[in-house]
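Reader: I would like to learn how to read contacts between rings. Please start with the general idea and then turn to the case at hand.

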Amino acid sequence: MVEAVLAGLEKVKEAFVVADLKEPFVAYVRSTLAPAMGRFGRARAEGEDPSVSSLRPRLLEWLGKEGRDEAVLDYASSLARAYGEDPASIDPALASGALRLSALRGDLALFKEYRRRFEKAEVPADRGRYLAALGSFRRPEIVEAALAYSLEGPQRPQEVLTVARLLNDSPEHRPAVWAWVRKNFKTIAGRVPPNFTAYLTRFTGGCTTGPLEEARA
C-alpha cells in the first residue's frame, strides 16, 4: 500500500505541483507518510519483513526531500557523517539516500568534500553514491558548479549525465540543466556513449513548450 502511495505522489508532483502548490504539497507529504515512518521506524529492526527494509530508503527520501522533514534530514546527515568515517557502520541500504539527503542543505564545503570522496573512491558503490550526492545539492551556485564539474571532472562516459539527471528531477533546476545541455551539446554528445545522445532531449521535460522548440531546433 505504501509503495502505491509513493507512486501516486510522484505522479501528482509531476503533473500538478506548480509554484503556488509547493508548500501545501510539502505539508501533505509529511502528513501522508509520517504515520508509515512511525510504524516502520528509521532503522532496520531485527526480524523485520524484507519488504519494509526495501521500502525504508524511499520513504526516508520522500519525507526528507519532498516533505522537508527536519528530523529526517538531521538523521540522514548523521548517517552520512558516519558513512564517511566508516561505511560499514550504517545500514548499506540507507547509505545512498543519506548522502543525497545530506546534500540538500549542504554548503560548498560539503560539496567539495563529496567531490573529493568521489574522485578518491576505490569501491564502485562508493563512487556512484558520492556522484549522486553531487547532483543533490540545491544552492544555485553549487548547482552550477556541479553541472560544470560533469564535464571538467574525471567522469566516465556513462557518468557524465548523472548529475544533470538528478538535478532535472527538481522543476526549479530544469532551466539551468537545459541551459547547460544546450550550451554544451556537442561536448556532451562527444563524451557520452553514442546511444545516450538520443535521450538528451528528455531534459526539455516539463510544463512549458519553450525548451521543446529549442530542442527541435
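Author: Rings of Phe, Tyr and Trp (its six-membered ring) pair if their centres lie within 6.5 Å; planes under 30 degrees apart count as stacked, over 60 as edge-to-face and the rest as tilted. This is a predicted model, in which local features need pLDDT of at least 70, side-chain atom pairs count only at pLDDT 80 or more, and totals for chains, interfaces and linings use all residues. Residues are numbered from 1 along each chain as its sequence is written, and side-chain values use heavy atoms, with hydrogens and water left out.

Reader: How many aromatic pairs does the structure hold?

Author: There are six aromatic pairs. In one of them, the ring centres of Tyr83 and Tyr130 are 6.2 Å apart and the planes are at 45°, so this pair is tilted. Tyr83 belongs to helix H4 (residues 70-85) and Tyr130 to helix H7 (residues 124-134), 47 residues apart, so the pair links distant parts of the chain. Helices here are DSSP runs (H or I, at least four residues), numbered from the N terminus.

Reader: Is Tyr83 buried or exposed?

Author: Buried means under 20% relative accessible area, exposed over 50%, partly exposed in between (1.4 Å probe, protein chains only). Tyr83 is buried, with a value of 4%, and Tyr130 is buried at 4%.

Reader: What kind of pair do Phe118 and Tyr149 form?

Author: Phe118 and Tyr149 are edge-to-face, with 6.3 Å from centre to centre and 80° between the planes. Phe118 is buried at 0% relative accessibility, and Tyr149 is buried at 7%.

Reader: Which residues do ring pairs link into a cluster?

Author: The cluster consists of Tyr83, Phe111, Tyr114, Tyr130 and Phe137.

Methods:
Helix = DSSP H or I, 4+ residues; strand = E, 2+ residues; numbered from the N terminus.
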